[in-house]
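Visitor: I have a model open and want to learn how to read it. Can we go feature by feature?

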Amino acid sequence: MMARAHPTLALRPYLPADASLLAEIFRASVEELTEEDYEPAQQEAWASLADDEEAFAVRLGKHLALIATLDGSPVGFISLDNPTDIGLFYVHPAAAGQGVGTMLYDAIEKLATGRGGSHLLVEASDNAIEFFQRRGFEPQQRNSIAVGDEWLSNTTMKKKLAAKGAVS
Ligand SMILES: CC(C)(COP(=O)(O)OP(=O)(O)OC[C@H]1O[C@@H](n2cnc3c(N)ncnc32)[C@H](O)[C@@H]1OP(=O)(O)O)[C@@H](O)C(=O)NCCC(=O)NCCS
């Protein structure tokens with residue numbers, strides 16, 4: 001059999017069996033992709049939010065969550081926590097910067113638009129502000145969130161969605 005020249009990126013819905021692997025992706029993503037904007041103690045507190053994998057699985061199972069796979073293996077995920085809120089959004093550092101986040105975000109935006117949502121909101125971590133800005137989000141307010149013994153800053157950002165069926 002010939003080796004495949006291009007790895008295949010795909011999307012699928014979250015399954016409960018994914019939780020443990022997604023918790024690992026979450027921790028690796030926080031540890032390796034946020035160090036320019038957060039102190040080590042803040043990263044540690046943030047990464048530890050996935051330590052209780054049962055609670056992490058419950059959180060993911062409650063919402064619409066999509067998984068990005070590379071040749072069948074999960075490399076990132078995103079959740080829509082109610083009709084308007086982007087919740088968890090993490091890509092494994094080994095797969096970052098290759099369009100995985102864009103694919104996940106585009107799918108969630110399409111779903112939210114298809115459900116008739118007027119806008120999307122995200123509490124963007126400092127390292128993700130540019131990502132959302134380039135996709136049409138505007139900053140609304142700065143927040144300080146208590147995570148364990150640490151305080152982490154993020155920014156509430158909002159994007160208006162085109163009306164369902166509108167021609168752009
Ligand atoms: C934010 C995140 C999900 C983006 O995923 P990704 O797969 O790297 O995104 P993409 O490869 O689609 O890259 C999207 C863009 O960001 C840029 N980019 C990706 N990683 C970057 C980084 N670490 N620093 C600066 N720019 C980056 C890419 O060049 C690309 O540019 P474009 O907007 O012109 O297309 C990912 O970096 C991540 O998991 N970060 C840590 C966790 C986090 O902060 N999550 C967001 C919570 S709101």
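Visitor: Let us begin with strand pairing. Which residue in strand 4 is the bridge partner of Phe77?

Guide: Keep in mind that this is a predicted model. Tyr90 of strand 4 is the bridge partner of Phe77. Val91, also in strand 4, is the bridge partner of Gly76.

Visitor: In which sense do strand 3 and strand 4 run, and how many bridges join them?

Guide: They run antiparallel, joined by 4 bridges.

Visitor: What pairs with strand 4 in the parallel sense?

Guide: Strand 5 does, over 2 bridges. Find Ile86, then look in strand 5 for its bridge partner, Val122. Strand 4, helix 4 and strand 5 form a β-α-β unit, and it is right-handed.

Visitor: How many bridges pair strand 2 with strand 3?

Guide: There are 7, in the antiparallel sense. Thr69 has Pro74 of strand 3 as its bridge partner.

Visitor: What should I look for in the turn of that hairpin?

Guide: Look at the backbone angles. Most residues other than glycine have a negative phi. Here, 2 residues lie between strand 2 and strand 3, and Asp71 takes a positive phi near 50°.

Visitor: Is Asp71 buried, exposed or partly exposed?

Guide: Partly exposed, because its relative accessibility is 47%. The cut-offs are under 20% for buried and over 50% for exposed.

Visitor: How do I read a nonpolar core?

Guide: Start with the general idea. Nonpolar side chains tend to be buried together in soluble globular proteins. The largest core in this model has 25 residues. Those touching the most other members are Ile86, Phe89, Leu104, Tyr105, Leu120, Phe132 and Phe137.

Visitor: Which elements give two or more residues to this core?

Guide: They are strand 2, strand 3, strand 4, helix 4, strand 5 and helix 5. Helix 4 gives the largest share, 6 residues. There is also a second, separate core of 21 residues, with Tyr38, Ala47, Leu60 and Tyr90 among them.

Visitor: What does Phe89 touch, beyond residues up to four places away in sequence?

Guide: Its contacts are Phe77, Ile78, Gly101, Leu104, Tyr105, Phe131 and Phe132.

Visitor: And where is Phe56?

Guide: Phe56 sits in helix 3, residues 53-62. Phe56 counts as buried because its relative accessible area is 5%. Leaving out residues up to four places away in sequence, Phe56 touches Ala19, Leu22, Ala23, Phe26, Ala50, Phe77 and Leu88. Take Ala19: it is 37 residues from Phe56 along the chain, yet their C-alpha atoms are separated by 7.1 Å.

Visitor: Last, the ligand. How many residues surround the ligand, and which are the closest?

Guide: The ligand has 22 residues around it, and Gly99, Thr102, Ser125, Asn127 and Arg134 are the closest.

Terms used. Residues are numbered from 1 along each chain as its sequence is written. This is a predicted model: local features need pLDDT of at least 70, side-chain atom pairs count only at pLDDT 80 or more; totals for chains, interfaces and linings use all residues. Side-chain values use heavy atoms; hydrogens and water are left out. A nonpolar core is a set of buried Ala, Val, Leu, Ile, Met, Phe, Trp, Tyr and Cys residues joined through side-chain atoms within 4.5 Å. Buried means under 20% relative accessible area, exposed over 50%, partly exposed in between (1.4 Å probe, protein chains only). Contact means heavy atoms within 4.5 Å. Two strands pair if DSSP finds at least two bridges between them. A crossover is right-handed if, with the strands pointing away from the viewer, the path from the first strand over the helix to the second runs clockwise. A residue is near a molecule or strand if one of its heavy atoms lies within 4 Å of it.
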